[in-house]
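Here are my notes on how the chains pack. Please read them with the model open.

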4 protein chains.
Amino acid sequence: MTLNVVVVGVGKIGQEHIRRLTETLAGARVVAVSDADSAVAKVVAARLQGAAVYAAGEELIAAKDVDAVVVTSWGDTHAAYVIAAIRAGKPVFCEKPMATTEADRSAILDAEAAFGRRLVQIGFMRRFDARYRAMKETIQKGAIGSPLMFHSVHRNASSPGHFKATMAITDTAVHDIDIARFVLGDEPIAIAVRAPRGNTRAAGVADPLFTLMDMRSGALVTIETSVHIAYGYDIRGEVIGETGTVSLAEQTEVVIKTNGAFSGRVFADWPERFDPAFNAEFRAWIIAAAKGGAAGPSAWDGYVATAATLAGVKALKSGVREPINLRDKPALYA
Amino acid sequence: MTLNVVVVGVGKIGQEHIRRLTETLAGARVVAVSDADSAVAKVVAARLQGAAVYAAGEELIAAKDVDAVVVTSWGDTHAAYVIAAIRAGKPVFCEKPMATTEADRSAILDAEAAFGRRLVQIGFMRRFDARYRAMKETIQKGAIGSPLMFHSVHRNASSPGHFKATMAITDTAVHDIDIARFVLGDEPIAIAVRAPRGNTRAAGVADPLFTLMDMRSGALVTIETSVHIAYGYDIRGEVIGETGTVSLAEQTEVVIKTNGAFSGRVFADWPERFDPAFNAEFRAWIIAAAKGGAAGPSAWDGYVATAATLAGVKALKSGVREPINLRDKPALYA
Amino acid sequence: MTLNVVVVGVGKIGQEHIRRLTETLAGARVVAVSDADSAVAKVVAARLQGAAVYAAGEELIAAKDVDAVVVTSWGDTHAAYVIAAIRAGKPVFCEKPMATTEADRSAILDAEAAFGRRLVQIGFMRRFDARYRAMKETIQKGAIGSPLMFHSVHRNASSPGHFKATMAITDTAVHDIDIARFVLGDEPIAIAVRAPRGNTRAAGVADPLFTLMDMRSGALVTIETSVHIAYGYDIRGEVIGETGTVSLAEQTEVVIKTNGAFSGRVFADWPERFDPAFNAEFRAWIIAAAKGGAAGPSAWDGYVATAATLAGVKALKSGVREPINLRDKPALYA
Amino acid sequence: MTLNVVVVGVGKIGQEHIRRLTETLAGARVVAVSDADSAVAKVVAARLQGAAVYAAGEELIAAKDVDAVVVTSWGDTHAAYVIAAIRAGKPVFCEKPMATTEADRSAILDAEAAFGRRLVQIGFMRRFDARYRAMKETIQKGAIGSPLMFHSVHRNASSPGHFKATMAITDTAVHDIDIARFVLGDEPIAIAVRAPRGNTRAAGVADPLFTLMDMRSGALVTIETSVHIAYGYDIRGEVIGETGTVSLAEQTEVVIKTNGAFSGRVFADWPERFDPAFNAEFRAWIIAAAKGGAAGPSAWDGYVATAATLAGVKALKSGVREPINLRDKPALYA
């Protein structure tokens, strides 16, 4: 069976997902697209041999030949499309952020609860990364004892031009926040953010930042975000347990010895680092969506990540620790 | 466009390739299968929603709706199917060995030459491994100077029950022989094999072996095959140039610190180690076959690998260095 | 020339230093010892072929045949001996803490200033560690750009029985505080301490702790102290610059591959990890003391480390960031 | 007690050993020197505050105030000095080669046997290297099963001007031959040498070479010598057992991340790489010699190493495997 997918929003990320669904992975077909810029939508559809172009996402989602939805439109529009998909009873893959307001976040949880089972999968691809999975398994096997701390490091060579002051929290640290929850199996209760002297290469952006997030268990999560560090894209992580630690290993294809040194490669950017994770994420989604469901990160995960990053933005401004207030976790996500 | 593929020989490897072509990768469909054991063929076909079952591979290859052929039958039968595919002008992916006799090997080269362009791709998946590719690129960039030696290490935790004395050369070292040619861009001229004291865990198999292969340039390739080493599947390689070296890096998802040690994982077996390479190999084949051609390792590569391993088997018995005699390389493979 | 040394306080550390001065390194001789426990002093002296035993350290320091002094007595008594040595114009090596009161700390600085040149060397052996030296040189060469952060990790398998709540700051983190100053060439201005959920293996001790120290330049130093982590003694450090990072490498003699894993050793305890640093520290001291001076960490370094750790203890209790107030740096230490 | 040492031959190596005995390590004093070039001997002695200068080594060795002898004269003269020391009943440390003729080698064994206990220590410093010791211990603990192969790699950035064709065997591979015997606890029985295409940077020297040495147990030792490889001084080694392997770990103080790569340092030359081993070697010798004996590598080890390298030189010329004939091992070395 081939999953018929519509893609709402065909900018850079949307096109990348289309490429993965049609040229890389088995099991899916993109039957329609939609974009605020209809000219772009037409160009993308033309490449897809007969994909329809719709003016509005909602209409598209309702279409009969549509099995499932990918939402990669502008962040503020995500919630409406996700809710439309839930109401149509169709599986929906939604990129971060799931929602940008408190009301929208809760509305999605409510809609999914009303539907009665999971339809929403959020694009936290790290949860499909073999390294983070091995990290979680190591903890679950009890190999390092109960977790006490998690040190996460998130480094980009540079940030894009549109990157604003607090995006190091909402767009960068959000990944570390989500993966810390995943790896530790724990929920955040408070967050504080420290801003050291700024990197002179990063005008107008709070960079680097050092975030401390308290978890319900008492574990402490620390997050370094360095988004202008020049040398590459480098994702590090270490969990400190009562009797041992587990950390992400370095990755390089080869080690070269020349001129008095051995050396290996650091990734240039995230599409390369997480390419296998993106494949695993969409493979899981295609299989789950074909059965009418979802895999991996849920609407609840999107809800908590948003709560934590918004508290983080507040903490950066206030200079003190801010609480992260979460509604009770719906039974659907137990 | 979807490539319609027939698979000749649906044993373990054949089924694995079918799974990859139908469940993992985009762009292909398995429309028919054939196997010496027709009962197995029927079971496999049944899983493929309407795939035809043919009694004989040749008939299958000729079928109208067949775009391309995968040959994973018993080794002795490979050549006949490959030649049938070439005569039908259809792209053919053939597992190792391409042929088992001198006559067959040459017949394939002649058939392809007669057809006038490449149709044959041999299953040397290492050539699609990101690590070996990085190794080759490092040399090509001149980073380590001209190559003088290549040390290849091929270790298996254990060998299957049917593994015979000389299969450590024909089935194991064959990969190292091919990848050395690929990485160095060089051809072998002679081979010698040394057998140290045998591993007591490896009854009846020549294990370990240490092979020395002379290349046309004067470079020396050394190959350790240890096929009963218990600890895991470990593929190592280092090229020694005039001013530096390049070697395959260790691979592990995480590093764990417990009990006075840090540790990382070694692969258990080859399907896991080379899974991304197999994906890349078939992705390249699907794209090339859809255009009527082939990618990566050619019939010439299959020819040379066979020549070298047969000389290796002779050298193991004779105890002296044996020449590897190659016919002139056809222009097709220049 | 052989340096005639007296050792004041011959407990565990004192005896270890005597062993190093007499059995390992060239250039020194221990001519006298003193200890609060005179019986112990006599036993130690007896092993030293004619070393004198003095009742009180001050008397000893004044003795004519004494060239230089090693102070390894109980912490509270350090300052008095150090000042006695300065007054006698004799080089003095003093273990941490240099002093335990504000008055004593300043008195030492004043005494040395009055004498007019450096006589005091504090036992911060990490400054002689080849790894930290390479780290500092990397920064000084400009290889990673200006430092923005330093992540220091200090882990012990377990802490001794007498270890009290705040010793993770005064005895453990003190090393990280000093080495951060050394590596960054920067001074601390404030300190905050976070206590995650306690390690259940560490009854009565604040463990782990996570300390944040602000430096004058705006750089942020973070220090994880985990003093009951079971797996070994592990000292990690990474400096984050504007364009790169430098971190302490793993150390192991060999890598072993068995049972599906590769593994290396983690140190069991600090005497082993820092043995070469202790040798380098005392070699530098013997040479400097023979010329009437001192090498490496100065009284000023002892002064600042004490100021920072006392502020750290206060911060642990207060839960907020505490300032580190330093007097002006005397010209002697410029 | 201080060991009174005479040094016979005060060229570069002799002076280096004098420096280590007098400025670095406790327990020894150099009381006299001798050299073929008496002017050099006088200069060196002058630095040693009253060391005597003797015209001939033998006279020196007999001198009353001499406790022990270090032989670092020209290779051809070693045997005579070693035998003189044995006859005088004095411990003697002798640099490689112990002897250069068959007769001399045997004469030393006979002299020591006649004396009745070990007096001779050969300068195979690798046996005091913590890494090789850990390698041997790993095997002895049974962690990797019985050894089947040892791959040794010996790389120099460049070789000195006086380096002749076969010195890659007699001066370079000799270390690998000795350490293989030490690590495996095994004796060599035959040797073959392969010369790949020469490094164009190494005019007149057989470089690289690839040596295969058969051991009595059936284990195979392979030795790569690359003495013009430019990138640094790199000593690698891996023992392959029946169930696992153990290899020398990389060594670097720090790991630097800049410009898309992580990197660590490779040693520039052997004095740096083996400095701790030289210290351990002489510390062991001082302690053993003070008791009238010797530590570590014996005259037997010198004898076997010479036998193997001479067979290796023959094998390089003959192109075939040459036997290594050893006399029976005297009981003294059991």
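1. A:Arg197 and C:Glu242 join their side chains in a salt bridge, 3.0 Å from N to O. The term means a side-chain nitrogen of Lys or Arg within 4 Å of a carboxyl oxygen of Asp or Glu. Between chain A and chain C there are six salt bridges.

2. This is a predicted model: local features need pLDDT of at least 70, side-chain atom pairs count only at pLDDT 80 or more, and totals for chains, interfaces and linings use all residues. Residues are numbered from 1 along each chain as its sequence is written, chains are lettered from A and ligands numbered from 1 in the order written, and side-chain values use heavy atoms, without hydrogens and water.

3. How much area do chain A and chain C bury between them? About 2,800 Å², 55% of it on carbon and sulfur atoms. Buried area is the accessible area (1.4 Å probe) that two parts lose on being put together, summed over both. A:Arg194, A:Arg197 and A:Glu242 supply 26% of what chain A buries against chain C, more than any other three residues.

4. Chain A gives 36 residues to the contact (heavy atoms within 4.5 Å). Chain C also gives 36 residues. By class, the chain A side has 13 nonpolar, 14 polar and nine charged residues. Here nonpolar is Ala, Val, Leu, Ile, Met, Phe, Trp, Tyr, Cys and Pro; charged is Asp, Glu, Lys and Arg; the others, Gly among them, are polar.

5. Chain C can be laid on chain D with an RMSD of 0.1 Å, by a turn of 180° and a shift of 0.1 Å along the axis.

Note on methods: Least-squares fit on C-alpha atoms with pLDDT ≥ 70 in both.
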